[in-house]
Each structure stands twice: as structure tokens, then as C-alpha cells.
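Here is a short briefing on how two chains meet and how each is built. Please look at the model first, then read on.

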Amino acid sequence: MRKTGIVLLSFLGVVLFYFTFQSAEKVFRSDWEMPEHAIEPVNQHRLILITKNLDTPFWNQVAQGAREQAQKEGVSLEVWGSYGNNQEDFLEKIEVAIYSKVDGIIVQGMNSQAFNELTKIKASFYNIPIITIANDAPIEESLRRTYVGSDQYLAGQMIAKQLLADMGSAGKVVLMSDSQQEHYQKQRLRGISDILKDYPDVQLVNAETLDSREQIIATTQDILNRVPDADAFVAVNADFTGVMVQEIGKRFQVEPFYIYSFDDGSDSLPLLEQGKLDGVIGQSPEMMGTVSVELITKWLRDESVPFDKEGVLTDIRMLKEKEAR
Amino acid sequence: MNRIQKKIWSLTLVVLFIMAIIWTALTYYNQKTQDQYNAILQRYLSLNEVTVASQALITDLNDYLLQPSEANLNQLNASKADVQNAKGDILILKNEDNEFVMANYMNLIDSLMETTERSFMYQNQQETEASANEFSEATRISNYISETTLTLIDTELKTYERLYRQIIEQSNELKNLGIWLLLLITFLLLLMSYWFSKSITKPVEKLTQSANELAKGRFDLPIKVQSNDEISFLAETFDRMRVNINNLFLEIQEKAQLEHELQQNKLLLKESQLQSLQNQINPHFLFNTLNIMSKKAYLEGAEETSDLLVSVAGLLRYNLKRLDKPVTLHEEVIVLKQYMEIQKARFTERLHLHMEIEESFLGVQIPGLTLQPIIENAVIHTIEPAEDGGNIWFRILDSGDIVTIEIEDDGQGMAKEKIQQILRGDSGQTEGQSTGIGFSNVVKRLRLFYGQEDVIEIQSVIGQGTNVRLKIPKKRRNDGND
């Protein structure tokens, strides 16, 4: 009786001691130190990549390439930008980047007074090099150091050639482009028309629209009304692709139309996989990121010959339905 | 000796010690947490300070641009200093996670200062347009600073999220610790109090038990208390007292017994004296008459009769004088011989007495008139009933530390009941007592005199004879006590 009592009491004592010490250890364990204060000054170059279309597959790849390269080069890089083509936000980001006196800005080109003013005057004032990426802005207006991205003129030509190959040398072709006439769209259009002008039976219809969703819908409907016998559509601005295909699909079967686009819109590749698009120009977004960071780093380290004014062109290729799968 | 006090002190000290440990630990923990909170709060406050200072700077710049007075200029300069101070304060907030944003932030502040400076300069140069432009730019930068502040705070939150969660977790754990600690201390204190109280009350309980035993009169149980404090001292003293009481008690008992024996002895003596006085009316007259008769017989030439009368007178005198005092064996033997002479005159040839006496032990003390009644008993039972007489042997022998007095006869013997009666000391009717003292009286007196039971031994076979042995110690047990 007495023995069991003692055993029970000791057991109880041991249990209490165990839990108390366990608890005390948790309370007094001090591994929650504040993160180390970085004492050494930031020697690294700070780069910023700014885009209008954050979180689209195309730009994610660009950002990934840029980040990998930045890590390799030992510079710090941040990706800023606006969502869904929001230009006001986009411009603000550029302005903040300039006021923040970063060492280099890699930016998606844009054809606007405000953009040019920022890059030409403000950036120069703070002596910040600017590289355009994916979409160019003319050097005379933006004073950008160089351009890294696809040869948009060539891309337009490839589309046109593919169109001829698919459709034949006769038909009505609707070209959907931005009314703001971005530089890269102009080049794409130029490429297309340069090829097609040799084919008198191919009739080009230029449809220009503002880039809000309602406007695109309206324009597409208007075109379908005006040109009911169109054979082919080219979304010169890849962002239009999804809405355009949707609107065509509301009226006709999508399959008989020849529809082409570029891969820098978020809908292009899924639509190609579904067979709704006949061809998409594939660019090399990762390469763009990598090369742009590499170039700007080199320039910052004074290692490089002056920038190529024309730009560094990356690969493009025509993606057909079956390739995309 | 202050053991119990020591125990109480040590218990109190242990409790105090535990409380001190807990207090210290909690204070330490509290201080640590407080510091942590302060550091975190300080970070947010510093960040906020920048926003506030930059906005104040814009306001002051605006005031100055609208009204370039001395007071406003001073205000503006003060604001600039504030912004610089705030910028200095946030330098320490830089860490790996916010390095980039922090660098931007610093540069934004620099840009703000520069722009402010330019606006101020243009104003002084009267270039109002340019000044206004710079002012709007500064306003925008100030807004960017506010935004970046938010971004930084956001980053801070992310960076420290784990930390914050841990703090919450730990303060929850602190509650648990409190509960466990309470349980543990309660347990320990209960246990310690139990032991402590037991170490005091158990010996007391034992002591109480012993006291109860003593009260009931049991003095022979030793008092044992296992303890190392005052109680054990008390118990020892108590035990000593018990032993002393026990000894006193025994002594008193012994004394009482002795007293009792003495009383009895005296009573027996008185009885004997009374009886002898009753039996012998005017013994002195008888004694004197016997002496005259002896002389008369001697003068008449009857010498034998004269001697007999002298023996009778001697016996009578001895009987009268010596009853209440111890005598030597020698005196007793002389009286015995006188008595036997008288009996010889009575029985002549029928009585054969054989005596064997070790002379060296005749100094031993015995009560008076012890041998005569026994011999008389032998004569009555041996010689009187037998036609042709009988033999009586009287021996005094040495048997170690006692002297054996043996009286043997070859008479008709004694019945067992009779022997038992004599040995028990029952004074039944006695036959033919010449001295008034019976056999059983002798036995009682011997026992009282020597203070022991084993003084006599009687062996008898009916028809063959009786052997009575008296065992007389050479030294009396309580010599000198009376």
C-alpha cells in the first residue's frame, strides 16, 4: 500500500517536472532573434525590371530569366510593374524607380509622351541607363540605351508568310492593332504589309481599337459587321487575342478562320492548344530577361563596348497547333 | 538543540528560494519580451517618422513658397533637419530582406531633399514656374515615400511574421508554464509539508502512546523514538524517568514484602509466646520448684533424678528465653541433648539415639526452638507407639554453602497429605507438644527467617520411617537488615 503510494507519488512528481521543464524550455528558448542588421553598405548594383503586364506567362518567363542572370552576376534585381496593362501605375513605377536612383532600369517599351519624358529627361537627369525589353520604344524619343527582344518586323513577316501558306494568296485579312500605335505594333504591321503588298488579291483591313475590354469587343463586332467575309485575323496586339476569338466564336465557327497572334498575350498559347488559333509567333522571353540583365550589368561595370543602338535581337519562331501540344 | 526550528527555517527558505527563482525568471522573461516589443515598435515608429517628416517638409516648403518669410524659412530648415534625422534613424532597420527597398527608400528621401532644395533655389531666383514644377515633383516624391513606407512595413511584417507568431505562441506557453509550475510547486510543497509535519508529529504520537502505557502502569516497555530533534531528547528523558520509576517501584514492592514478612514473623512469635504463656502457668515458680526438687533429690542420693530435673529446668528456661531471638546451632544442639535425656529417662532402653555432628558448623544461626519440635515429633511417632522402641538418627552435615540437619527415624512414617500440610504451613492439631510449638510453626519460622521457601525436605515411607532435612544457609540472606 505504502509502496504503491510512493511509486505513484514519484511518478506524479516526474510527470510534473517533465512538463514544467518542457514548458519552461519553450518559453525561455530565445531563438527569436531579430533578423541581422545588414551592416555592410549595399555595394551591389540595383536593377529594376518594370512591365505593364505582371503575372502573365510571358512576363513571368522574362522575370525568371532576369532573376537567374542577376543572381549569377551578383546584382540585386526587383520586378515591378502594373497589372493588366495599367499605364498610369506603370509610369508611376518608372518614376519611383528613377527617384530611388536605381542603377539600371529594364522596362517594357511604350509609346507615350509621359513615358518618353520619364526616360529621356528624368532618367538622364539622374543618369540612369534604360534598356527596353520585349517591346521597343524608338531611341530618338526615349533615349533608351538599347533594346533586347524580338525583331518585330521579322515577326510580322513570318506571320504574313505563314498566312499565305495557310490561306493562299487571296482573301481578306483583318489586322487588329492598338489605336495608340505602339512602336512594336507598327513594326509588326509593317512586316506584314511588306510581304502582303506583293499579293494584290490579299486585302488588308486595319482595325484599331483602344485597349479596354469593351472597346475590343465593340471593334471586333464592328469589323465582323463591316467585313463579314473576312478570311483571316491577326491580333497584332497579343492582348486582344482572347476577346477577339471569343467574339468571333459568338457568331461563327472559329475553325474556318485563319487566326494568328503573338505569344506575349496571356491567352495566346492556351487558345493555340485548343486549336482556335492557327499560329502564334513564339519569342524567347527568358532569353530577353537574361540578356538584358547581362548587358546592363556589363555596362555598369564599364566592361562593354557601347550599346548596340539597334538592339539585341532574340530568337523568334512560328508555333503551329501541333507544336504547342 | 533547535532542530525543529531549523526544520521550519529550511522549509521556509526552500519556499522562498523557489519563489525567488520564479520571480527572477519571470522578470527576466518579461524584460526580454518588453525589449523585443520595444524594438519592434521602434522600427515601425521610425518608419512612420520618415513619412510624417517628409509630409511636414512639403507643407513647410509650400508655406515658404507662398510667403517667403524668415519664420517660414526657419520652419523649413527645421523640417529638413527632421527628415535627415529620421533618415539616420532608419539606417539601422536595414536587413537582408529589405535591403533593396531600403536603398530605394534612402534614395527617395535624398531625391526629396534635392528637389526641395531646387524648388527653394528657383524661388530665390524668382523663377516661379520652375519652382512650382519642382514643388509638385517634391509632392509626388513625398507620396512615393509614404507608399514605400507602407511597402517597407509590409516587408517588415512578412520578415517578422514568424517572430510574431512565436511571441504569441510563447505567451500562450507562458500560461501553460504557469499552470504546470503551480501544480509542481503545490505538489512539492504538499510533499514537503507532509514529511515535515510527520517528522514532528510521529515522534510526538509515539511519545503520547508511551505516556499512555506508563499511565496504565506498564513501566517495563522501553520508549524508543526515532527522530533527531528535541522530541528524541524528550523521549530519552522520559525513558530515563520510566526506568527510575520502575526501579523505585520495584524497591518499594520489595520493601513492602519484607515488611509483610516481618509482620508475619512477629505475629507468629507472639502466637508462640502467648501459647507458651498459656501452657506454662507461672513458669518461674515451676522453674524454682524444679531446682529445689533437683537439690532435694541430690541430697537424698537420687542423683539420676536430680540430673533429670536439671535437664527439665534447663529446657524450661531455654523455652522461656530464647523464642524470639536467633540462636546458634550449638545452643540448639545442647537443648536437644537435654530434651533427649528427659526422653531417655522416659523410654529407657526403647530409645536409641545416634548423633553425628560436624562441630565446625555449630556457629550457624538459626531460629530458636526449631530442632526440638521436630525431634519430639519423631519420638512421638517412632518410640511411643512401638513396643520394642526405635532408632532416631540426628546428623549435621556440610553440603557446600548450606548446612544440612537431618533427623531420621524408623517409625511408622507419615501420610503424604500430612507432609503436604506441614510443608504448606497449615497449623493443624499437634500431638503432644511439650514446648507448645508444632512442626508447621517451625517450617514457617524457618522460611521467614531465611527468606526462602526451600528450607525443608521431608521423605517418608509408611511403615519404614521418616527423614526430615533442614537446609540451613551458612549465611543469612539479608543479614543486618533487621
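This is a predicted model: local features need pLDDT of at least 70, side-chain atom pairs count only at pLDDT 80 or more; totals for chains, interfaces and linings use all residues.

**The interface of chain B and chain A**

- The contact involves 49 residues of chain B and 43 residues of chain A.
- About 4,000 Å² is buried between the two chains. Carbon and sulfur atoms give 64% of that area.
- Four helices of chain B each supply at least two residues of the side that touches chain A: α1 (3-66), α3 (99-124), α4 (128-159) and α5 (161-215).
- The largest share of that side comes from α5(B), with 16 residues.
- By class, the chain B side has 26 nonpolar, 10 polar and 13 charged residues.

**Salt bridges between the chains**

- Three salt bridges are counted between chain B and chain A. Over all chains, the count is 30.
- One salt bridge joins Arg140(B) and Glu95(A), at 2.6 Å from N to O. Arg140(B) sits in helix α4 of chain B, and Glu95(A) in helix α3 (residues 87-99) of chain A.
- Lys101(A) forms a salt bridge with Glu114(B). Their closest N and O atoms are 2.6 Å apart.

**Chain B: record features and domains**

- An unreviewed UniProt entry lists "transmembrane region" at residues 9-29 and 177-196 of chain B.
- In the model, residues 9-29 of chain B are 100% helix and 0% strand. The end C-alpha atoms of this span lie 30 Å apart.
- Residues 177-196 of chain B are likewise 100% helix and 0% strand. Here the end C-alpha atoms are 27 Å apart.
- The unreviewed UniProt entry also places "domain: HAMP" at residues 198-250 of chain B. That stretch is 74% helix and 0% strand in the model, with its end C-alpha atoms 37 Å apart.
- The domain assignment of chain B gives domain 1 (3-159) and domain 2 (326-482). Their C-alpha centres lie 134 Å apart.

**Chain A: two domains in contact**

- Chain A is divided into domain 1 (46-150 + 285-315) and domain 2 (152-282). The centres of these domains, taken over C-alpha atoms, are separated by 28 Å.
- The contact takes 19 residues from domain 1 of chain A and 13 residues from domain 2 of chain A.
- The two domains of chain A bury about 1,200 Å² between them. Carbon and sulfur atoms account for 40% of it.
- Within domain 1 of chain A, Phe58(A), Asn111(A) and Asn135(A) lose the most area to domain 2 of chain A. Together they make up 37% of what that side buries.

- One salt bridge is counted between domain 1 of chain A and domain 2 of chain A.
- Glu182(A) forms a salt bridge with Lys52(A), with the closest N and O atoms 3.7 Å apart.
- On the domain 1 side, α2 (57-73) and β5 (146-150) of chain A are the elements that give two or more residues.
- That side divides into seven nonpolar, nine polar and three charged residues.

Notes: Residues are numbered from 1 along each chain as its sequence is written. Chains are lettered from A and ligands numbered from 1 in the order in which they are written. Side-chain values use heavy atoms; hydrogens and water are left out. Contact means heavy atoms within 4.5 Å. Buried area is the accessible area (1.4 Å probe) that two parts lose on being put together, summed over both. A salt bridge is a side-chain nitrogen of Lys or Arg within 4 Å of a carboxyl oxygen of Asp or Glu. Ala, Val, Leu, Ile, Met, Phe, Trp, Tyr, Cys and Pro count as nonpolar, Asp, Glu, Lys and Arg as charged, and the others, Gly among them, as polar. UniProt positions are given in the numbering used here, feature names are shortened, and annotations may be inferred rather than shown by experiment. Domain bounds come from an automatic or database domain assignment.
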